[in-house]
Amino acid sequence: MNFEFRAIYWRDMLKFFRFKSMLISSLIQPVMWLAFFGLAMSESFDQLTSMIPPIEGVQNVDYLSYMGAGIIAMDVLFSSLFGGTSLMFDKKYSLLRETLASPTPRFHIILGVGLSGVTKAFIQTAMIIGFGKLIGMDFFLGYTLTETLIAIAGIFLLVGIFTLGFLFLSGSIAITIENPEGMQSILTLLSMPLFFVSNALYPVDAFPAVLRFLSMFNPLTLLANGIRYFALGDNFSVMGIHYMYTPADISISFLGLLFFALTMLATSLWRFNKVDV
Amino acid sequence: MTANVIEVDSLEHSYGSVKAVDNISFTVKEGEIFSFLGPNGAGKSTVINILTTLRKIQKGEARVNGYDVARESKSVRKSIGIVFQMLCLDHEMTVCENLEYHGKIYSMPKKERKARIEELLKLTELENKRDTLAKDLSGGMKRRLELARGLMTKPAVLFLDEPTIGFDIQTRMRMWEYLREIKREGTTIFLTTHYMEEADQLSDRISIIDHGKIIVTGTANELKNKLGKDLIYLETGDNKTVAEILRAIGSVKTVTEDTKSLRVMIGEDVTHVLPQIIEKIRQAGIEITTINIKKPSMDDVFVHYTGHGLREGEPQEKYEGIEPMGVSE
């Protein structure tokens, strides 16, 4: 068994903590999402939907808590989708040459970069949950300590798989594309439908049928559903819409994300094995 | 008899319809410094990339440290160190961290890694720069760090692609010192260069490569001696006639006419031939304006074998290559 991926991981983390601007912005970004976007949106949504009577016998959840799950998903989506950019610069400035010329299998490079991305995503997720609780997000309401820990583990597991998937995707693009501008525009193009055709920030129930259908396959929807299941329970209502998650739903989230991550892994392996130094 | 660390047989490589490497064969012996000397675009980097398994071999065979570069690329990679033509250090990491990373991706155990880093910092005189970020090093130091990195895994052979390109002569000469020291420690070195002095001063053997072909291989002295023992540089009132007169003299090997001068290659000791040459030109009634004698340099060797200068069209870095007698080696 080889452990070269640990070297890649080590270097990535070393630089993550060394570049203070990178470290601080990645810590502040999730807080900003919640503080500005979250509070502003939840106030307006709660005002608009205050007339809708809550559904009898079901725990009603405010929009901030509903959206908090989506914010986690959004935040890790953006940081992992753009996470591969560093690989492109490494390639552009020949930094990758040393690693590509070594006996390290390409898979280890991808895995190392992926794992460092997961670490960063975990830090951000923890930041959102922590700060969210502080400003009144109703995560893990009425949970026992054990239930809370299981819920957190579940969230982190889903976030981990999701992040790996998007980092593999981002890495594949980075290793294929030659110039930063091209990379930037592809990522922006990708993030648009991912961002909007999902239930991360708002329910999809009122979507046109086509968009609603598409949103079911969006990894972002799968992740947001999973986080909501773990953080808010399997039976709640928000803005008059009744949410019920069955074990099948949560399995779909897991398997869907796993399938996505493995497909992206295969793609990135294919791209990385084509790279010429 | 020493073993061959590199064996290359009938290597060919094309980019589209352009043949970059054309039927090259050579061997590098254990413990020697072997140079590929040639102009940019001669195919030097392609050969180095094939030998270091960075480029797939198209035609021919190559073995490094006994391993086939096509079939045993992983073993080849473990046996070699590389210093690339372009600087490729991680500027945001310190000297130590750069070496540490290299040891890690080659799966060196921690203890061995630490010990080797100390050895190499000492060898490359970077001991008091260990915690300096690579971006804060001078150009020469960066190159030395790359050298140290290439040696991290105690490779059987160290590949250097244009190791001193763009450096001033002092930095270059220091670099040569380090390379000689590395050779003394038993590492085989394969380098490419387009600096005559580098090939001349550093190498045990040199292959002159041009248009993807090896033109000639030998030690610096062998190559120079093949040209003749001495070279006379002449400027006269009528170069054309003088050339004809000189060609008739038995000990004159070749006469090359320039726009304003003549290069006369002598097969034996020039001291006996010179009076005769001067006498014959005088008899023809032609005036000699300049006369100069020197040993053939690598420049002369290169021009002789390839029919052109190494940096044609570029400003000459060195003076015309004429030294007063006695000063040259």
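How many residues does the contact take from chain A and from chain B? In this predicted model, chain A contributes 18 residues and chain B contributes 19 residues. On the side of chain A that touches chain B, α1 (5-18) and α5 (95-100) of chain A each supply at least two residues.

The largest nonpolar core holds 73 residues, and the members that touch the most others are Ala73(A), Leu223(A), Ile227(A) and Ala231(A). Helix α7 of chain A, residues 145-176, gives the most to this core, with 14 residues. Another core, of 68 residues, lies apart from the largest one and has Leu51(B), Tyr67(B), Phe84(B) and Leu191(B) among its members. In soluble globular proteins, nonpolar side chains tend to be buried together.

Chain A also carries an open sheet of three strands, ordered β1-β2-β3, with mixed pairing. Its edge strands are β1 (59-60) and β3 (241-244) of chain A, each of which pairs on one side only. Strand β2 of chain A, residues 235-238, runs antiparallel to β3(A), and four bridges join the pair. Within this pairing, Ser237(A) has His242(A) in β3(A) as its bridge partner.

Turning to chain B, the model shows eleven helices and 14 strands. The C-alpha trace of chain B spans about 80 × 45 × 40 Å along its principal axes. Of the 329 residues in chain B, 42% are buried. Among contacts in chain B between residues at least 6 apart in sequence, 69% link residues at least 24 apart.

One strand of chain B deserves a visit of its own. Why is strand β7 of chain B, residues 157-161, described as largely enclosed by the rest of the structure? The description applies because five of the five residues of β7(B) are buried. Both faces of the strand are covered, with Val157(B), Phe159(B) and Asp161(B) buried on one side and Leu158(B) and Leu160(B) buried on the other. Strand β6 of chain B, residues 80-83, pairs with β7(B) in the parallel sense over four bridges, and Ile82(B) stands opposite Phe159(B) in β7(B). Strand β8 of chain B, residues 188-193, also pairs with β7(B) in the parallel sense, here over five bridges. In that pairing, Leu158(B) stands opposite Ile189(B) in β8(B). Together with helix α6 of chain B, residues 169-184, the strands β7(B) and β8(B) make a right-handed β-α-β unit.

At the level of domains, chain B is divided into domain 1 (4-218) and domain 2 (228-306). Taken over C-alpha atoms, the centres of these two domains of chain B are 40 Å apart. The contact between them involves seven residues of domain 1 of chain B and six residues of domain 2 of chain B. On the domain 1 side, the elements giving two or more residues are α7 (196-202), β9 (205-210) and β10 (213-218) of chain B. Helix α7(B) gives the most to this side, with three residues. By class, the side of domain 1 that touches domain 2 has five nonpolar, no polar and two charged residues.

How values were computed:
Residues numbered from 1 in each chain as written. Chains lettered and ligands numbered in written order. Predicted model: local features only at pLDDT ≥ 70, side-chain atom pairs only at ≥ 80, totals over all residues. Contact = placed C-beta atoms within 7 Å. Core = buried A, V, L, I, M, F, W, Y, C linked by C-beta atoms within 7 Å. Buried ≥ 20, exposed ≤ 12 C-beta atoms within 10 Å, placed from the backbone. Pairing = 2+ DSSP bridges. Right-handed = clockwise from strand over helix to strand, strands pointing away. Domains from an automatic or database assignment. Nonpolar A, V, L, I, M, F, W, Y, C, P; charged D, E, K, R; others polar.
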